[in-house]
Amino acid sequence: MKPIIAPSVLASDFANLQSEVEMLNESQADWLHIDIMDGRFVPNISFGFPVLQAIQRHAKKPLDVHLMIVEPELYIEQFREAGAEIISVHLEACNHLHRTIQQIKATGAKAGIALNPHTSVQLLDDVIADVDLVCLMSVNPGFGGQKFIENTYRKIEALKNLIIARNSKALIEIDGGVNQQNAPLLLEKGADALVAGSFVFNSADPLQTIANLKNQA
Ligand code: DX5
Ligand code: ZN
């Protein structure tokens, strides 16, 4: 099975957003990964609804929205209306994670949970059967272009075991520092979806870079 490739729009040229989205439409990317940062949950602010809506107007692929915000439950319906197909909230940002997962599903979106590098996958034991996706952060969230954290490989194995033990259908997504070097081992360990920001958009030929990620052995 080929991996799901989700280029992160955060690393694109915001002054040419339409052509960047059109490039992704033409590419072998499966999803567009959308990073929402609030300056509270993470020490950075990215963009909000007007930009997301502008992306949606041109995108022909599902929007995979990664909420790095406090109190995400206040905005779930609004993100769905802005075009999100998958909505991931951070476990660390939710006091009532089970309720928030149900809230996401009630909108018709797929529900994801993102975990910071320090958060054990074992904390998902009681909700894993209910979620569609787990986004393992392989950098500390807040910025693109950071170095991949090697402990991620171990977490993928542990998460895979948990998914099997609980008969969950959750996909495993890896986010942060993904490139052509670490992708093969990530997939071998059990990753289903790879997010890649700077590796795609800083490359000389983003279309080819996406194709290479998609079609690796
Ligand atoms: C980091 C974001 C990532 C980021 C990945 O907080 O969640 O999605 O855009 O960028 P790269 O691939 O450059 O690490
Ligand atoms: Zn992300």
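Reply: Start with pairing: two strands pair if DSSP finds at least two bridges between them. Strands are DSSP runs of E with at least two residues, and helices are runs of H or I with at least four, numbered from the N terminus. β2 and strand β3 (residues 63–68) are joined by 6 bridges and run parallel. At least two are needed, so β2 and β3 count as paired. H33 stands opposite D64 in β3.

Me: How do you know what kind of model this is, and how is it numbered?

Reply: It is a predicted model, in which local features need pLDDT of at least 70 and side-chain atom pairs count only at pLDDT 80 or more, while totals for chains, interfaces and linings use all residues. Residues are numbered from 1 along each chain as its sequence is written, chains are lettered from A and ligands numbered from 1 in the order in which they are written, and side-chain values use heavy atoms, with hydrogens and water left out.

Me: What makes β1 and β2 the edges of the sheet?

Reply: The open sheet has 8 strands in the order β1-β8-β7-β6-β5-β4-β3-β2, with parallel pairing. β1 (4–7) and β2 (32–37) each have a single partner strand, so one side of each lacks a neighbour in the sheet. From one strand to the next, the twist averages 25°. Further in, 5 bridges join β4 (residues 84–90) to β5 (residues 110–115). One bridge partner there is K110 in β5, which pairs with I86.

Me: Why is β2 called mostly covered?

Reply: Buried means under 20% relative accessible area, exposed over 50%, and partly exposed in between, with a 1.4 Å probe and protein chains only. In β2, 6 of its 6 residues are buried. L32, I34 and I36 point one way, H33, D35 and M37 the other.

Me: Why is I87 called buried?

Reply: I87 has 0% relative accessibility, so it counts as buried. I87 lies in strand β4.

Me: Which atoms are the protein donors of the zinc ion (ligand 2)?

Reply: Donors are N, O and S atoms within 2.8 Å of the metal (3.2 Å for Na, K and Ca); water is not among the atoms, so sites may look incomplete. H33 (NE2), D35 (OD), H66 (ND1) and D175 (OD) lie 2.0 to 2.3 Å from the zinc ion. Those distances fall within the cut-off, so these are donors. Along the chain their spacing is H-x1-D-x30-H-x108-D. H33 and D35 are both buried.

Me: What makes the site of the zinc ion (ligand 2) octahedral?

Reply: Six donors count as octahedral if opposite donors are over 155 degrees apart and all others between 65 and 115; four count as square planar by that rule, or as tetrahedral if all angles lie between 85 and 135 degrees; anything else is irregular. Here there are 6 donor atoms with angles of 70 to 169°, and the site is octahedral.

Me: How do you know that the radius of gyration agrees with a compact globule?

Reply: The radius is taken over C-alpha atoms, and the globule rule is 2.2 Å times the number of residues to the power 0.38. For 217 residues the rule gives a value near 17 Å; the protein chain has 16 Å, so the two agree. The C-alpha trace spans about 45 × 40 × 30 Å along its principal axes.

Conventions. Axes fitted to C-alpha atoms, helices over the stretch in contact; angles between N-to-C directions.
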